[in-house]
Amino acid sequence: MSKLILASASPRRLELLAQIGIVPDQVVPADIDETPKADESPRRLALRLAEEKARAVAKDNGGAFVLAADTVVACGQRALGKAEDHAEARKFLTLLSGRRHRVYGGMCLIAPDGAERSRVIETQVKFRTLGREDVDRYLSHDEWMGKAGAYAIQGHAATFVKAISGSYSNVVGLSLCEVDGLLRGLGYQSKEV
Ligand SMILES: Cc1cn([C@H]2C[C@H](O)[C@@H](COP(=O)(O)OP(=O)(O)OP(=O)(O)O)O2)c(=O)[nH]c1=O
């Protein structure tokens with residue numbers, strides 16, 4: 001049996017893993033700087049942040065599998081992380097209104113022997129046109145907080161989604177298809193399965 005550490009403060013990621021019977025032995029959020037680098041694409045950003053989170057936690061936790069992820073919403077070449085405040089959340093939602101955007105899920109797994117595997121999963125999401133009253137109503141609740149792009153597809157923002165192509169769980173925070181493959185690929189043995 002292997003020890004698994006989830007390097008994430010996201011309750012969504014814990015819930016998603018529970019959905020497939022994976023219960024991490026420990027949750028250790030990684031405290032890293034999530035500022036994008038100059039000219040860094042949203043895809044590269046999601047990958048780099050997932051890797052940095054995993055490495056930061058693995059450094060102090062030998063003998064365990066360490067799993068980390070990062071979600072970035074991309075509109076054109078613009079990366080939308082978590083909105084800082086109401087005004088920025090409004091800006092993000094207005095930008096996404098009526099458009100197709102991409103959600104990049106970076107994921108990184110480090111094995112006890114130091115082997116590291118990472119990947120980025122892309123999901124395309126098309127929003128319907130959002131009127132001012134849609135945005136006002138959405139922002140009157142806290143759902144936008146702490147979510148890349150200032151929306152939660154698993155919440156009320158489901159009503160914004162006209163079409164989705166690719167992994168749904170990737171948008172929520174962790175592609176279950178890919179994480180299962182990654183864990184099996186590096187030899188993680190779950191207690192549950
Ligand atoms: C687009 C979208 C994002 N999200 C969430 C997933 C992530 O938790 C969050 C993006 O921020 P992240 O920086 O990826 O994750 P986090 O800060 O919540 O946790 P940690 O860095 O410790 O792992 O947005 C949703 O819950 N629903 C959605 O529809």
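How far is an oxygen atom of the ligand from an N or O atom in the side chain of Ser10? I looked this up before anything else, working on a predicted model. The separation is 3.1 Å, which I record as a polar contact because the cut-off for a pair of N or O atoms is 3.5 Å.

I examined Ser8 and found one of its polar side-chain atoms 2.6 Å from an oxygen atom of the ligand. For Ala9 I noted that the atom concerned belongs to the backbone, an N or O atom lying 2.6 Å from a ligand oxygen.

I then checked the location and found that the ligand sits in the largest pocket.

Entry on the shell. Which elements give two or more residues to the shell around the ligand? I listed helix 1 (11-19), strand 3 (65-75) and helix 5 (168-172). Strand 3 gives the most, with four residues. In total I counted 21 residues around the ligand, and those that come nearest are Ser8, Ala9, Arg13, Lys53 and Lys82. By class, I recorded nine nonpolar, seven charged and five polar residues in the shell.

Entry on the fold. Reading from the N terminus, I wrote down the order of its elements as β-α-β-α-β-β-α-β-β-α-β-α-α.

Entry on overall dimensions. I took the box filled by the C-alpha atoms along the principal axes, and it is roughly 50 × 35 × 25 Å. Why does the radius of gyration of the protein chain agree with that of a compact globule? The chain has 193 residues, for which a compact globule would have a radius near 16 Å, and I read 17 Å for the protein chain, so the two agree.

Technical notes. Residues numbered from 1 in each chain as written. Predicted model: local features only at pLDDT ≥ 70, side-chain atom pairs only at ≥ 80, totals over all residues. Heavy atoms only, no water. Near = heavy atom within 4 Å. Polar contact = N/O pair within 3.5 Å; in protein donor to acceptor, adjacent residues only side chain to side chain. 1 Å grid on protein atoms, 1.4 Å probe; cavity = no way out; pocket = protein on both sides within 12 Å on 5 of 7 lines; lining within 4 Å. Sits in = over half its atoms within 2 Å of the grid points. Nonpolar A, V, L, I, M, F, W, Y, C, P; charged D, E, K, R; others polar. Rg over C-alpha atoms; globule rule 2.2 N^0.38 Å.
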